[in-house]
Amino acid sequence: MRTFIIALMFLAALTLLAASAVHESLLGPIDPFPGAAPPEALLGLVLAIAAVAAFLSWARAWAFAVVATVLAILGTVYGLTVTVPRGETGDIVYHVSLLAGLILATGLLIRQRGLVD
């Protein structure tokens with residue numbers, strides 16, 4: 001279960017970092033939206049660090065992981081409020097999928113506290 005939780009967090013982090021690169025047009029003009037790039041990069045970085053902390057069993061890794069995933073949930077919900085009016089189906093599906101994974105990771109973290117610390 002511990003590995004699954006960490007993998008969910010790391011996968012979410014990677015997708016946020018990739019979305020940031022796409023929105024900053026680092027991979028070409030796929031979906032330019034420079035306003036979304038910095039928060040996605042920050043959330044991706046925080047989640048990645050939290051996943052590494054949990055993997056390495058750092059002190060307070062559980063609390064850091066919970067805070068990081070909750071922060072990412074809040075950011076993703078905000079992203080949906082921006083994405084839904086734009087009507088881009090791919091972006092909406094991405095945000096909803098990311099939100100589901102983050103909620104699952106957070107729920108598992110809360111339920112399985114001893115597995116991460």
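Q: What lies over the face of Phe 33?
A: Arg 86 does, at 4.4 Å from the ring centre. The rule for a charge over a ring is NZ of Lys or CZ of Arg within 6 Å of the ring centre and within 35 degrees of the ring normal.

Q: Before we go on, what sort of model is this?
A: A predicted one: local features need pLDDT of at least 70, side-chain atom pairs count only at pLDDT 80 or more, and totals for chains, interfaces and linings use all residues. Residues are numbered from 1 along each chain as its sequence is written, and side-chain values use heavy atoms, with hydrogens and water left out.

Q: OK, back to Phe 33. Where is its place?
A: In the loop between helix H1 (2–23) and helix H2 (37–55). Helices here are DSSP runs of H or I with at least four residues, numbered from the N terminus.

Q: Is Phe 33 buried, exposed or partly exposed?
A: Phe 33 is partly exposed, with a relative accessible area of 26%. The cut-offs are under 20% for buried and over 50% for exposed, with partly exposed in between (1.4 Å probe, protein chains only).

Q: And what does Phe 33 touch?
A: His 23, Val 82 and Arg 86, if you don't count residues up to four places away in sequence. Contact means heavy atoms within 4.5 Å.

Q: How many aromatic pairs are there?
A: Zero, by the rule that rings of Phe, Tyr and Trp (its six-membered ring) pair if their centres lie within 6.5 Å.

Q: Let's switch to His 23. Buried or exposed?
A: His 23 counts as buried, at 5% relative accessibility. It lies in helix H1, and beyond four places in sequence it touches several residues, including Asp 31, Phe 33, Glu 40 and Asp 91.

Q: Glu 40, then: where is that, and is it buried or exposed?
A: The place of Glu 40 is in helix H2. Glu 40 is buried, with a relative accessible area of 8%.

Q: Which residues is Glu 40 in contact with?
A: Leaving aside neighbours within four places in sequence, Leu 16, Leu 17, Ala 19, Ser 20, His 23 and His 95. The C-alpha atoms of Glu 40 and Ser 20 are separated by 5.3 Å, though the two are 20 residues apart along the chain.

Q: What about His 95, buried or exposed?
A: His 95 is buried, at a relative accessible area of 7%, and its place is in helix H4. Among its contacts outside four places in sequence are Glu 40, Thr 76 and Gly 79.

Q: New topic: how much space lies in the largest pocket?
A: About 260 Å³. The closest to its centre, of the 18 residues that line it, are Ala 36, Glu 40, Gly 75, Tyr 78 and Gly 79.

Q: How do you define a pocket?
A: On a 1 Å grid over the protein atoms alone, a pocket is an open set of points where a 1.4 Å probe fits, with protein on both sides within 12 Å along at least five of seven lines; lining residues have an atom within 4 Å of a point. Points are joined across faces, edges and corners, and the volume is the space filled by probe spheres set on them.

Q: Which helix supplies the largest share of that lining?
A: H3, with seven residues. H1, H2, helix H3 (61–86) and helix H4 (89–111) each supply at least two.

Q: Last one: which residues have a positive phi without being glycine?
A: Ser 25, at about 65°, and Arg 60, at about 60°. Ser 25 is in the loop between H1 and H2, while Arg 60 is in the loop between H2 and H3.

Terms used
Rings of Phe, Tyr and Trp (its six-membered ring) pair if their centres lie within 6.5 Å; planes under 30 degrees apart count as stacked, over 60 as edge-to-face and the rest as tilted.
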